[in-house]
Amino acid sequence: MAELTTLESLLEMGFERNRAEKAVAKTGNQGIEQAMDWLMEHENDPDIDEPYVPPVGNILGETADSQSTSEQPTLADTAEGTVGGDSENEDSDKQPMTEDEKREQVKRLEELMRIKQAERRERERADELEREKTRRRQGQELQQVRQKMQDDEMKTLAEQRRREKMEDKMARQRVKDKIARDRAERAQKFGGGGATSTAAPPQPAEPSPSSPTSHGPPPTKKEYDESRIQVRMLDGSTITTVFKAQEPLAAVRVYIQMNGNTPEGQDFTLLSPYPRYVFTEMDMEKPLKELGLVPSAVLVVTKK
């Protein structure tokens, strides 16, 4: 039984001539299977239906044969014939195919194409599963990185609070030491007055309220070491907690991220309503006391 050429087989199967010619040329006329594989892989190419122009051969230094090289055989003639100068002799010996033989061969080729399409769909499904696995793995790794960053930030804040508590403790101790020294100095001063101190013993026991010598330095404004912060969220709800006066505003921001109901990844800005003031990134490192948020304050969360 005579065999159809690759181009004829593709045309019998219903492929357009332009696509069939491209497939034969791109695969080097190596057979129907290679041509079908190429057509299935490139069926969605944007230029698949553009007219095919066979490449023109150019030999360096050749000028006399320019006319002969311009007369290139068409792709259809090349695909329908065989390579070499004996194609005409072989065509004379080739027996034409009957209609039944053509139908049988097209049937075999269509079955082969269905098999290849099924294999391609299976490969695509496997590739999609692999991409989904990769996407999930990357999502898990990203979540782990975020969790680690949050843990590190909380550790940093905890360490900062511990240092601030230690500094507050040392400051209170210095104040106590100063008060003790002042008392000792006053006791020594009044204890060494001789007859004057003996003549007026009630004076140290009942000092005058207006006497600066009896009371030492004048009373100072009360210092607060804590701040009660109330935060109004985007949905109108509020959360309230207490921070150290020396904690930075960033600690309040982290507390909102961990305990508020803001969507994950939602960036937001903090502002003070009375007087209205929008806190910037530079304010995040400043203590609450320096920002005027001690002993209490109300902050509002707004979208950035």
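For the residue classes I use today, Ala, Val, Leu, Ile, Met, Phe, Trp, Tyr, Cys and Pro count as nonpolar, Asp, Glu, Lys and Arg as charged, and the others, Gly among them, as polar. This is a predicted model, where local features need pLDDT of at least 70, side-chain atom pairs count only at pLDDT 80 or more, and totals for chains, interfaces and linings use all residues. Residues are numbered from 1 along each chain as its sequence is written, and side-chain values use heavy atoms, with hydrogens and water left out.

Confidence next. The average pLDDT, the predictor's confidence in each residue from 0 to 100, is 77 for the protein, and 74% of the residues score at least 70. Residues 58-92 fall below 50, yet this stretch has 22 contacts in the model (heavy atoms within 4.5 Å) beyond near neighbours in sequence. Residues 193-201 are also below 50, with one such contact.

The protein has eleven helices and five strands, taken as DSSP runs numbered from the N terminus: helices are H or I, at least four residues, and strands E, at least two.

Now the second largest pocket. A pocket here is an open set of points on a 1 Å grid over the protein atoms alone, where a 1.4 Å probe fits, with protein on both sides within 12 Å along at least five of seven lines; lining residues have an atom within 4 Å of a point. Which residues lie nearest its centre? They are R146, Q150, Q257, E264 and G265, out of 18 lining residues. α7 (99-191) and α11 (249-259) each supply at least two, and α7 gives the largest share, seven. By class, the lining has six nonpolar, seven polar and five charged residues.
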